[in-house]
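This briefing is meant to be read with the sequence and the model side by side. Please keep both open while working through the points, which are grouped by topic.

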Amino acid sequence: FPDLETNSDLNSDDFEYEDEAKLVLFPDHYEIPLPNIEELPALVTIACDALLSAKSPYRKQDPDSWEEELQASKHAKTLVQLDNGVRIPPSGWKCSKCDLRENLWLNLTDGSVLCGKWFFDGSGGNGHATEHYKETGYPLAVKLGTITPDGADVYSFDEEEPVLDPHIAKHLAHFGIDMLQMQVTENGLRDNDIKPRVSEWEVIQEAGVKLKPMYGPGYTGMKNLGNSCYLSVVMQAIFSIPEFQRAYVGNLPRIFDYSPLDPTQDFSTQMAKLGHGLLSGQYSKPPMKSELIEQVMKEEHKAQHNGISPQMFKAFISKGHPEFSSNRQQDALEFFLHLINLVERNPVGSENPSDVFRFLVEERTQCCQSRKVRYTERVDYIMQLPVAMEAATNKDELIAYELKRREAEATRRPLPELVRAKIPFRACLQAFSEPSNVEDFWSSALQAKSAGVKTSRFASFPEYLVVQIKKFTFGLDWIPKKLDISIDMPDFLDINHLRARGLQPGEEELPDLAPPIIIPDDPKALDIDECSVMQLAEMGFPLEACRKAVYYTGNMGAEVAFNWIIAHMEEPDFAEPLVIPAYGEVASNGAAAFGAVGLDNQPPEEMVAIIISMGFQRNLAIQALKATNNNLERGLEWIFSHPELEEESEPALDMMDMDNSANANIAETGLEGPRVKDGSGRYELFGFISHMGTSTMSGHYVCHLKKEGRWVIYNDLRVCASERPPKDLGYIYFYHRIPS
């Protein structure tokens with residue numbers, strides 16, 4: 001059996017090693033060196049050869065494969081530098097086209113300071129440095145913050161690779177930069193600048209505080225494979241939940257016994273393996289006293305080989321995904337939804353652990369002119385909490401800080417100490433519950449477009465409530481930005497007042513009529529609801545994927561488009577640009593976006609998959625779509641209005657020997673639609689994920705979890721008792737229901 005990957009770095013220059021393979025027979029631990037054709041049966045020999053020749057994820061991600069000797073740029077010797085008087089200050093840099101202060105590049109021809117876009121170091125940006133090269137043809141740029149007396153990171157846009165610049169000292173001096181006085185920094189500040197600001201990096205990672213390491217079961221760290229912290233923090237939170245522990249680690253012997261011939265491609269096997277590594281305690285052992293004494297006597301510190309390296313897990317779970325399969329930073333929330341989608345599609349045992357997150361949302365839409373209403377329900381897994389910036393309690397401080405910041409930038413002086421907006425949690429919760437305008441609302445009562453408002457309430461409360469703070473948004477120029485805020489998130493949360501109430505006395509329902517379908521003469525001119533696109537993009541999904549989701553669901557709103565994303569996020573072209581089909585490819589009902597409609601009016605498989613992903617049965621999904629002429633939104637409404645048909649259908653899990661005791665707390669609504677575990681709306685905080693950086697495409701994630709009555713910080717391989725958990729700076733919060 002393959003052993004778990006520990007954190008031993010065999011690529012270090014301090015070691016020389018060679019591969020040695022042995023076949024080990026248990027329980028006697030008898031070793032047979034390989035190859036050994038004479039003593040082994042033919043089938044065993046073939047199996048061993050296949051294992052040894054298989055492509056391992058460790059070989060694929062070998063860091064040495066990235067280390068190539070840099071070549072001198074062909075432009076270095078003849079580079080022309082403009083005599084435009086530009087002088088670069090030692091600190092306070094920012095992109096001249098946006099407000100980014102990370103991943104900044106100095107063009108060595110004209111002195112422009114611009115942001116990069118996923119260059120070789122893995123950083124993220126908006127690509128303004130590349131755009132500038134395409135406009136001007138100026139080929140070389142140096143990364144600010146990497147300049148030292150020994151050199152700097154130089155990139156050639158023309159040669160499309162990192163290069164050496166033998167004349168870098170002269171080229172930098174042209175802009176007033178003395179290499180001998182420069183030190184490597186992350187933000188341009190040096191020791192002789194003003195005292196550094198207390199940034200979110202320091203607060204979230206609890207820098208400056210001596211943290212006590214934690215060891216044992218449940219306190220195992222995970223090696224950062226290069227921008228893989230988004231995966232680590234989500235998995236740490238997931239495997240702190242008992243339902244996931246039981247489903248995968250509790251069933252580990254059974255999962256391993258029934259794993260396929262290639263366990264590296266089996267979801268349950270990889271989940272069980274990772275969960276065992278995190279929870280067993282075998283990879284989180286304290287150093288022996290003799291080792292500590294030896295280190296002190298020799299005045300050296302040997303890194304402990306604790307923690308696991310999730311290379312095989314990442315290679316499998318990201319296979320075929322355009323974003324997660326890369327080495328770039330990703331949105332932790334998007335990965336969480338991707339994981340839940342895989343859990344839904346790969347059930348294990350009699351209990352589906354993802355049921356603990358699923359809940360129903362009641363949408364109440366009202367026509368402002370006729371005052372008539374429509375109630376619909378949808379499935380969700382996260383509660384998105386808007387940020388009520390207008391409710392900040394320190395507005396005067398924010399105004400004063402902004403004035404000082406602009407003055408410092410104008411005079412090229414160090415920036416003042418950061419003032420973070422303080423937002424009351426109750427204001428964010430109020431903003432969540434308030435009505436929102438419905439863009440492009442068509443009133444079936446008026447048979448015309450009208451003003452409409454929508455409110456959302458919980459039709460059921462989940463066992464575990466996941467709350468996302470909508471920190472990431474887009475500016476007027478569509479440049480993504482992050483709101484630097486502090487929210488007083490409560491340890492105990494009561495949202496029972498947000499329970500849905502359904503149609504109230506005196507309310508009149510909107511007629512069940514669909515808007516007329518208008519096919520434009522030029523399908524490429526079809527409008528896409530940009531409001532829905534922005535709502536999805538703020539959740540962290542790729543912009544082009546959001547546009548396709550809204551287009552392919554006929555502009556029926558962000559909720560329906562979200563379900564399309566969940567059903568299609570593993571497709572290879574998920575994030576590719578939208579291609580509008582030709583006129584002849586457009587179906588009369590708009591269903592062509594999901595696939596061709598059969599001669600027998602068989603619903604498109606993509607539409608069926610979306611409804612199944614919400615927890616409904618396949619036969620009911622097909623029946624609903626046929627009854628509504630393959631209209632996805634009306635099909636969902638049809639299902640909720642015909643609960644008796646669900647009872648007549650075969651159970652969705654009839655092949656899985658359902659354990660009644662394991663599902664005793666599933667509400668009655670689970671028999672009439674998606675499986676939900678309804679109950680009280682009172683919760684207690686047990687974990688949160690925090691992000692540092694200006695964008696989900698860059699920066700770093702850490703996780704805080706409450707275990708055995710105290711908070712613990714998980715920062716890659718470091719697992720320590722938390723002294724000051726920054727609960728006000730989190731991005732994703734995890735609450736569990738308080739038993740009533």
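R364 has T455 of strand 15 as its bridge partner, in a model that is predicted. That bridge belongs to the pairing of strand 8 (residues 359-367) with strand 15 (residues 452-458), which is antiparallel and runs over seven bridges. The chain as a whole has 740 residues, of which 49% count as buried, and its secondary structure comprises 21 helices and 25 strands. Among contacts between residues at least 6 apart in sequence, 69% join residues at least 24 apart.

- The loop between strand 8 and strand 9 contains R371, a residue that is not a glycine and yet has a positive phi of about 70°.
- R371 counts as exposed because its relative accessibility is 51%, the cut-off for that class being over 50%.

**A hairpin and another positive phi**

- Strand 23 (residues 710-715) and strand 24 (residues 718-721) pair in the antiparallel sense over four bridges, and V712 of this pairing stands opposite A721 in strand 24.
- Two residues lie between the strands of this hairpin, where D716 takes a positive phi near 55°.
- E160 is also a residue other than glycine with a positive phi, here near 55°, and its place is the loop between strand 6 (154-156) and strand 7 (161-163).
- With a relative accessibility of 62%, E160 counts as exposed.
- As background to these backbone angles, most residues other than glycine have a negative phi.

**Helix packing**

- Two packed helices are described by the angle between their axes and by the distance between those axes.
- Helix 6 (residues 229-238) packs with helix 12 (residues 332-345) at an angle of about 55°, and their axes are 9 Å apart; this angle makes helix 6 oblique to helix 12.
- The crossing of helix 6 and helix 12 is right-handed, and the contact is made by Y230, L231, V234, M235 and I238 from helix 6 together with A332, F335, F336 and L339 from helix 12.
- Sorted by class, the residues of the contact between helix 6 and helix 12 are nine nonpolar, no polar and no charged.
- Helix 7 (residues 242-249) and helix 9 (residues 267-279) pack at about 115°, with 8 Å between their axes, and their crossing is left-handed.
- Q245, Y248 and V249 of helix 7 meet F267, S268, M271, A272, G275, H276 and L279 of helix 9, and this contact has six nonpolar, four polar and no charged residues.
- Helix 15 (residues 530-537) and helix 16 (residues 543-552) have axes that come within 9 Å and cross at roughly 135°, an angle that makes helix 15 oblique to helix 16.
- Helix 15 passes helix 16 in a right-handed crossing, with E530, S532, V533, L536 and A537 of helix 15 in contact with L543, C546, R547, A549 and V550 of helix 16.
- The contact of helix 15 with helix 16 includes two charged residues, alongside seven nonpolar and one polar.

- In helix 14 (residues 425-433), the buried residues are F425, A427, C428, L429, F432 and S433.
- The elements covering these buried residues of helix 14 include strand 10 (383-385), strand 11, strand 15, strand 19 (485-487) and strand 20 (492-494).
- E417 counts as partly exposed because its relative accessibility is 48%, a value between the 20% and 50% cut-offs.
- Although E417 and S199 are 218 residues apart in sequence, their C-alpha atoms are 9.0 Å apart in space.

How values were computed. Residues numbered from 1 in each chain as written. Predicted model: local features only at pLDDT ≥ 70, side-chain atom pairs only at ≥ 80, totals over all residues. Heavy atoms only, no water. Axes fitted to C-alpha atoms, helices over the stretch in contact; angles between N-to-C directions. Parallel < 35°, antiparallel > 145°, perpendicular 65-115°, else oblique. Left-handed = near helix turned anticlockwise from the far one by under 90°. Contact = heavy atoms within 4.5 Å. Nonpolar A, V, L, I, M, F, W, Y, C, P; charged D, E, K, R; others polar. Buried < 20%, exposed > 50% of the residue type's maximum accessible area, 1.4 Å probe, protein only. Pairing = 2+ DSSP bridges.
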